[in-house]
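We will go from stop to stop, with something to pick at each one.

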Amino acid sequence: MLHVGALLDRAPGRKYVSTLRFAELAPRLPLPRPGTLASMRAALPSDFVLALRAPRSAVVSPRGALREDPELDAGLSWLTAAADALQARAVLIHTPSELTPGARSRDLLRAYVARLPQVAGRKYVWAAQGAWEPEEAQALCEELGLCRAFDPLETKSSSGEIVYATLRALGHRAGFSHAALSDALIRTLEHRPTEAFISVDAERAFDIARRLHTLAAEAFSVGAAAESGDEDTDAEPDEYEADEDDELDGEDELDDEDEEEDEEDKPS
């Protein structure tokens, strides 16, 4: 099972939902009330899958990363309620580079994970920044029951039944060629997980995610045909060419959702 989608800061619009069935949500400040998020979830198709990126307030307190204090407690309370309201399949925890691979940081992560409620069908995903090597982060994830987030074009892929990849547009990588998207797909699935997520974090995230979704569908179709012996598997897919419909900015991609949102559903 492969979920391909974009990183969004608000509800996906009609055009998005008509094409993709997954999105990673990182709500803008001020954070919306759980009731608002529940209404958003109810308006989406029942088979639409959501991941929730934890806000900084749920990860970093005035005392530092993962260090308990009343503000972090409040952030974690919001995160739990928001994940429940969205029926989030995955919750992403991005830790800053100040959380190093040392023993103290490992203990902080263990204590933090112990506070996260275990919900059937939900996976917590750890995105470690800074000096963590993929192997040591993977080992800690396996110890704590986490999924290690990774960029399939930058680091070694994660292993396990569930994997979570984030495709980022970095400074030297403003866009993604057909070959780059193919590589990202292959590397994400190289350990044959039972379920995989690919979230696109880029300026034209919807467009890129749509291209990747199409590429994945073509690859799976060719693979199925090869198994049945019905198709020529040596055929190369056509290079992607942008059409007029692809020249959408972020507002168009989400169908001007802000203009259609009822006043009572706006974040407070």
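## First stop: strand S3

Select Leu25 and Leu52 together: Leu25 stands opposite Leu52 in S3. This is a predicted model, in which local features need pLDDT of at least 70 and side-chain atom pairs count only at pLDDT 80 or more, while totals for chains, interfaces and linings use all residues. Residues are numbered from 1 along each chain as its sequence is written, and side-chain values use heavy atoms, with hydrogens and water left out.

Now widen the selection to S2 and S3, which pair in the parallel sense over four bridges. Two strands pair if DSSP finds at least two bridges between them; helices (H or I, at least four residues) and strands (E, at least two) are DSSP runs, numbered from the N terminus.

Show the side chains of S3, residues 49–53. Which of them point one way and which the other? Val49, Ala51 and Arg53 go one way, Leu50 and Leu52 the other way, and all are buried. In a regular strand the side chains alternate between the two faces of the sheet. Five of the five residues of S3 are buried, so the strand is largely enclosed by the rest of the structure. Buried means under 20% relative accessible area, exposed over 50%, and partly exposed in between (1.4 Å probe, protein chains only).

## Into the cores

Stay on Leu52 and display its neighbours. Leaving out residues up to four places away in sequence, Leu52 touches Leu25, Pro27, Trp78, Leu79, Ala82, Ala83, Leu86, Ala88, Ala90, Val91 and Leu92. Contact here means heavy atoms within 4.5 Å.

Leu52 is also one of the residues that touch the most other members of the largest nonpolar core, which has 65 residues; Tyr16, Leu79, Tyr112 and Trp126 are the others named. Apart from it lies another core, of 12 residues, including Phe22, Val49, Ala51 and Ala149. A nonpolar core is a set of buried Ala, Val, Leu, Ile, Met, Phe, Trp, Tyr and Cys residues joined through side-chain atoms within 4.5 Å.

## A buried arginine

Next, select Arg41 in helix H2, residues 34–43. Is Arg41 buried or exposed? It counts as buried because its relative accessibility is 7%. Arg41 touches Ser46, Phe48, Leu50, Ala85, Leu86 and Gln87, again not counting residues up to four places away in sequence.

Most residues other than glycine have a negative phi, and most peptide bonds are trans.

- Leu29 and Pro30 are joined by a cis peptide bond, with omega about -5°; Pro30 lies in the loop between S2 (22–25) and H2.
- Leu66 has a positive phi near 65°. Find it in the loop between S5 (64–65) and H3 (70–86); at 4% relative accessibility, Leu66 counts as buried.
- Arg192 has a positive phi of about 55°. It sits in the loop between H6 and S10 and is exposed, with a relative accessible area of 74%.

## Strand S10 and its partners

Colour its two partners. S1 (residues 2–8) runs parallel to S10, joined by five bridges, with Val4 partnering Ile198. S9 (residues 162–168) also pairs with S10 in the parallel sense, over seven bridges, and Tyr164 stands opposite Phe197.

## Last stop: a pocket

Finally, select Leu185, Ile186, Leu189, Glu190 and Phe220, which lie nearest the centre of the second largest pocket among its 15 lining residues. H6 (178–188), S10 and H7 (205–228) each supply at least two residues of that lining.

Notes. 1 Å grid on protein atoms, 1.4 Å probe; cavity = no way out; pocket = protein on both sides within 12 Å on 5 of 7 lines; lining within 4 Å.
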